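Subject: Structure handover

Hello,

Here is the structure we talked about. Please open it first, then read my notes below.

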Amino acid sequence: FSGGPRRVLFLDPERNDALRRSLPDHASFLLAYDPARGTFGLSPYPSRPADADDLNAAAVNTAVSLHKENDAARLWRQALQRSPDRFDCAYNLMRLSYRLGDDDEALALTRRLQQQRQDLGELWYFEARILARRGQITDAIRAGRQALTRVAPDSSDARRWTSWVHQIEAA
């Protein structure tokens, strides 16, 4: 595929035939995942062991296209088991965990990612949001201020985060 696939779809193997018949003709290929074996296959090609790239792609498509967030989280966890240093998988899982309200997982992933990318203010902002949601206001303010030291002072992130920190301080 010189230009890469136009579309990757996560398919439940039990419903594979029905889904395949209902797909539009413009789908480039089908990526079928078998959770029992932990393998992917490009239909009709034979399956191969799934690597972290496969799992990340399937998780993104599962979360975005099919809105199956718990399945996506499971796939990202599997990807991180295969490749623990994958920033993109950990970042995606961190954001999804935050959105699903799993503050323990989101906070653990945020702190893990902060070790890899100390320059990325967004990670400290997420930490601040998680801590605030937990009621740890002093720690949330500290993390929010750390986020501000990692962005340009005149950026839209700095303005938004400063406003958020001031709201938390005033509460």
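Contact, as used here, means heavy atoms within 4.5 Å. Two points on the source. This is a predicted model, where local features need pLDDT of at least 70, side-chain atom pairs count only at pLDDT 80 or more, and totals for chains, interfaces and linings use all residues. Residues are numbered from 1 along each chain as its sequence is written, and side-chain values use heavy atoms, with hydrogens and water left out.

Start with Asn-56. It sits in helix H2. Helices here are DSSP runs (H or I, at least four residues), numbered from the N terminus. Asn-56 has 11% relative accessibility, so it counts as buried. Buried means under 20% relative accessible area, exposed over 50%, and partly exposed in between, with a 1.4 Å probe and protein chains only. Leaving out residues up to four places away in sequence, Asn-56 touches Trp-76, Ala-79, Arg-86, Asp-88, Cys-89 and Asn-92.

Now follow Trp-76. Beyond four places in sequence, its contacts include Asn-56, Ala-59, Val-60 and Leu-96. Trp-76 also belongs to the largest nonpolar core, which has 41 residues. Such a core is a set of buried Ala, Val, Leu, Ile, Met, Phe, Trp, Tyr and Cys residues joined through side-chain atoms within 4.5 Å. Which members touch the most others? They are Trp-76, Met-94 and Trp-164. Helices H2 (52-65), H3 (69-82), H4 (87-100), H5 (103-116), H6 (121-133), H7 (137-148) and H8 (156-170) each supply at least two core residues. The largest share, eight residues, comes from H6.

Next, H6 and H7. Their axes come within 8 Å and cross at roughly 165°. Axes are lines fitted to C-alpha atoms, for helices over the stretch in contact, and angles run from 0 to 180 degrees between N-to-C directions. H6 and H7 are therefore roughly antiparallel (angles over 145 degrees). The crossing is left-handed: the near helix is turned anticlockwise from the far one by less than a right angle. Among the residues in this contact are Trp-124 and Leu-131 of H6 and Ile-137 and Ala-140 of H7. By class, the contact has nine nonpolar, three polar and three charged residues. Ala, Val, Leu, Ile, Met, Phe, Trp, Tyr, Cys and Pro count as nonpolar, Asp, Glu, Lys and Arg as charged, and the others, Gly among them, as polar.

Last, H4 and H5. They pack at about 150°, with axes 8 Å apart. Their crossing is left-handed. Met-94 of H4 is one of the residues that meet H5.

Best wishes

Technical notes:
Angles under 35 degrees count as roughly parallel, over 145 as roughly antiparallel, 65 to 115 as roughly perpendicular and the rest as oblique.
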